[in-house]
Amino acid sequence: MASRRSARLASLVTNAATVEPAPPPAPPAASRKRKAVTQAPAAEETKKAPSTPRKKRSKKLDGVPETLTPAEVKLIAEGAHTQKPRPAAVSRLADPNRTNAVLRSPKTSRIIAPTAVEPIPSKLGAGSKSTSLAATATTTTTTTSILEEACAHLIKVDARMKPLIDAHHCRIFSPEGLAEQIDPFEALCSSIISQQVSGAAAKTIKNRFIALFNPTTTTTSTEPAAPTDNNTPTPPPTFPRPADVASTPLETLRTAGLSQRKAEYIQGLATEFTAGTLSAQLLADAPYEEVLARLTAVRGLGQWSAEMFACFALKRLDVFSTGDLGVQRGMAAFVGRDVAKLKARGGGKWKYMGEKEMVEVAERFRPYRSLFMWYMWRVEETDVSTME
């Protein structure tokens, strides 16, 4: 009996030695779940794709030349307006040698009517045929026809102007543009504010500046506020009068974001308007040379700023600035030069075209050099080689 039991035990031990060991127990399900959770973010990062594909932005904005004029010339941006506006309701006499803008008095907000004067005679001499033609044009030209006459003159002088004129409508001197009311004090303040800052920064500073003198308004925007309960839109805050700015401490003006110098410039400009050295009536009636002399005598307003103000605010059609790099570059391209090579060579301020040559080229387009200058900013947007 004992021997039979020993044989059975020996057999079990032998069979157990030949059986493969059982695999280790699998980790619990919970541990596998934790491992999957920790690795999920990495997997999502490699597989995740945006729901809407992003478009690559072009480095060069459409319709914007490479050589930009500083931000204070805000109307240059209106080159995007290609559709001609409807004529203004009221047609006024216009003269390329005088102020054509509708000026508003900074002191009283009333509209300034230009003083009636005799037509400006031609420089070719009294009694000449050109003099009589100039006088006839002066008495018959109106705000609804002056842009058309000016464009026809540019094309007659140089046929290469035609593709430029066909491609870009100059709203500044259009009937709609000439009907806009301009506060010369506000326009000059805006010019000072925007010096050496971006357009967005200049707009913010100007809005804060206006808000200093409109304490009851809850917005710093110059745009009309939303309509009230009676559907009447709240008028936008008004630009301060020169007397108010002149009497405000510089420390207060600087809270709008102005530098010490700009605050001094604007306060000095306000003093000129308060004293009567500058006025909307003077800017409407004075000859161009006197306008430049009065403006450049004010701290903070140089030759270039005065020329841009005369062109874009006073709407004078015979202004030409040799100190604008964009105009210089456009004129070089207009006469057929490779501006890319000129830029690479350097040449300082006059690397594209010399000042004397600029004056000689522009002289042919009198008395509409403002319009010629405006189109020179847009030469590189239009192919003028087809007219050569």
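How many helices and strands does the protein chain have? The chain holds 18 helices and three strands. The model is predicted, so confidence comes first.

The mean pLDDT of the protein chain is 77. A score of at least 70 is reached by 63% of the residues. Among the elements, helix H2 (residues 29-47) has the lowest mean, 45. Helix H11 (residues 260-275) has the highest, 98. Where pLDDT is low, the predicted coordinates should not be read in detail.

Now the chain as a whole. Of its 388 residues, 38% are buried. Consider the contacts with a separation of 6 or more: 72% of them join residues 24 or more positions apart.

The structure holds nine aromatic pairs. One of them is Phe312 with Trp377, a tilted pair with 5.8 Å between centres and 40 degrees between planes. Phe312 lies in helix H14 (residues 303-312), while Trp377 sits in the segment after helix H18 (369-376), so the pair ties together parts that are 65 residues apart in sequence. Both residues are buried. Phe365 and Phe372 form a stacked pair, at 4.2 Å centre to centre and 10 degrees between the planes. Phe365 and Phe372 are both buried too. Elsewhere, ring pairs link Phe185, Phe209, Phe213, Phe239 and Phe273 into a cluster.

Charges also meet rings. Arg160 lies over the face of Phe334, 4.5 Å from the ring centre. Arg378 lies over the face of Trp374, at 4.0 Å from the ring centre.

Turn to helix H13 (residues 288-296). Which of its residues are buried? Tyr288, Val291, Leu292 and Leu295 are. Viewed down the axis of H13, the buried residues fall within an arc of 95 degrees, so they line one face of the helix. What do the buried residues of H13 pack against? Their partners are helix H7 (184-193), helix H12 (280-285) and H14. H14 is also the helix that holds Phe312.

The backbone has some points to check. Most residues other than glycine have a negative phi, and most peptide bonds are trans. A cis peptide bond joins Arg366 and Pro367, with omega about -5 degrees. Pro367 is in the loop between helix H17 (355-363) and H18.

Two non-glycine residues have a positive phi: Gln196 at about 65 degrees and Lys315 at about 60 degrees. Gln196 belongs to the loop between H7 and helix H8 (199-212). Lys315 belongs to the loop between H14 and helix H15 (325-334). Is each one buried or exposed? Gln196 has 86% relative accessibility and counts as exposed. Lys315 is buried, with a relative accessible area of 1%.

Methods. Residues are numbered from 1 along each chain as its sequence is written. This is a predicted model: local features need pLDDT of at least 70, side-chain atom pairs count only at pLDDT 80 or more; totals for chains, interfaces and linings use all residues. Side-chain values use heavy atoms; hydrogens and water are left out. pLDDT is the predictor's confidence in each residue, from 0 to 100. Helices (H or I, at least four residues) and strands (E, at least two) are DSSP runs, numbered from the N terminus. Buried means under 20% relative accessible area, exposed over 50%, partly exposed in between (1.4 Å probe, protein chains only). Contact means heavy atoms within 4.5 Å. Rings of Phe, Tyr and Trp (its six-membered ring) pair if their centres lie within 6.5 Å; planes under 30 degrees apart count as stacked, over 60 as edge-to-face and the rest as tilted. A charge sits over a ring if NZ of Lys or CZ of Arg is within 6 Å of the ring centre and within 35 degrees of the ring normal. The arc is that of the directions from the helix axis to the C-beta atoms.
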